[in-house]
Amino acid sequence: ALLAVYERMRLPSLLKLLPAHYSYPLGTFRTCRRNGLRFQVDIGTRNGWMLYCHRSCNPEMARYVRPGDQVLDIGANQGELALLFAQAAAPGGKVVAFEPNPAMFGVLARNIGLNPAVECHAEPVALGASPGKVEMCQPDGRNPGTATVHTDKVPYGGNWATVEVLRLDDYVRTRGLARID
């Protein structure tokens with residue numbers, strides 16, 4: 001109800017009354033529309049809550065993207081910027097969104113699917129100096145942005161996943177990208 005009032009009246013003080021992300025169980029999904037784009041987010045996570053509660057990226061970032069641009073979003077998370085860039089790059093542009101965290105890649109892919117009118121492609125890989133595999137750990141289930149890559153498994157809590165690493169130069173060459181804007 002508070003968000004509905006905020007969306008009508010744009011009173012920033014109302015956002016301060018919203019319960020924090022940790023007030024919701026993980027897996028509490030909500031759908032929202034931001035800047036003409038649809039998102040389905042888990043408001044039990046910090047990232048999802050921020051997007052749902054109008055406290056996330058600055059839409060002014062899209063002013064750096066022009067129609068027809070080829071854009072890379074490296075570490076795309078839930079796809080907020082990738083989709084904003086894809087919207088700005090239309091018509092004729094394309095965005096490739098790289099997200100190595102398996103949990104966040106699922107959210108990214110779902111959000112891209114909710115916006116079929118924009119040209120955005122997701123890759124479930126990390127980018128690095130040399131190709132191979134690395135161990136990625138997400139120590140905080142409520143903040144997927146804390147995921148880190150380790151070359152050695154260290155005694156560290158959280159969820160571990162083995163992720164593929166590609167060199168950006170190799171990706172650009174094999175995909176035949178003529179340019180990156």
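How many bridges join strand 3 to strand 4? In this predicted model, where local features need pLDDT of at least 70 and side-chain atom pairs count only at pLDDT 80 or more, totals for chains, interfaces and linings use all residues. Residues are numbered from 1 along each chain as its sequence is written, and side-chain values use heavy atoms, with hydrogens and water left out.

The count is 5 bridges, and strand 3 and strand 4 (residues 94-98) run parallel. Strands here are DSSP runs of E with at least two residues, helices are runs of H or I with at least four residues, and both are numbered from the N terminus. Two strands are said to pair if DSSP finds at least two bridges between them. Looking along this pairing, leucine 72 sits opposite valine 96 of strand 4, while isoleucine 74 has phenylalanine 98 as its bridge partner.

Zooming out, 3 strands make up an open sheet, in the order 3-4-5 and with parallel pairing. Strand 3 and strand 5 are the edge strands, each pairing on one side only. From one strand to the next, the twist averages 20°. Helix 4 packs on this sheet and touches strand 3, strand 4 and strand 5, with its direction at about 170° to that of strand 4. Contact means heavy atoms within 4.5 Å; axes are lines fitted to C-alpha atoms, for helices over the stretch in contact, and angles run from 0 to 180 degrees between N-to-C directions. Helix 6 (residues 168-175) also lies across strand 3, strand 4 and strand 5, running at about 130° to strand 5.

How covered up are these pieces? Of the 5 residues in strand 3 (residues 70-74), 4 are buried, where buried means under 20% relative accessible area with a 1.4 Å probe, protein chains only. Helix 4 is largely enclosed by the rest of the structure, because 8 of its 10 residues are buried. Those buried residues include Leu83, Leu84 and Phe85. The packing partners of the helix's buried residues include helix 3 (46-52), helix 5 (102-113) and strand 5 (120-123).

Back in strand 3, aspartate 73 deserves a look. Aspartate 73 is buried but has no salt bridge, and the nearest side chain of opposite charge, lysine 94, is 15 Å away. A salt bridge is a side-chain nitrogen of Lys or Arg within 4 Å of a carboxyl oxygen of Asp or Glu; Lys and Arg count as positive, Asp and Glu as negative, and His and the chain ends are not counted. Leaving aside residues up to four places away in sequence, aspartate 73 touches Leu81, Ala82, Val96, Ala97 and Phe98.

Key:
Buried < 20%, exposed > 50% of the residue type's maximum accessible area, 1.4 Å probe, protein only.
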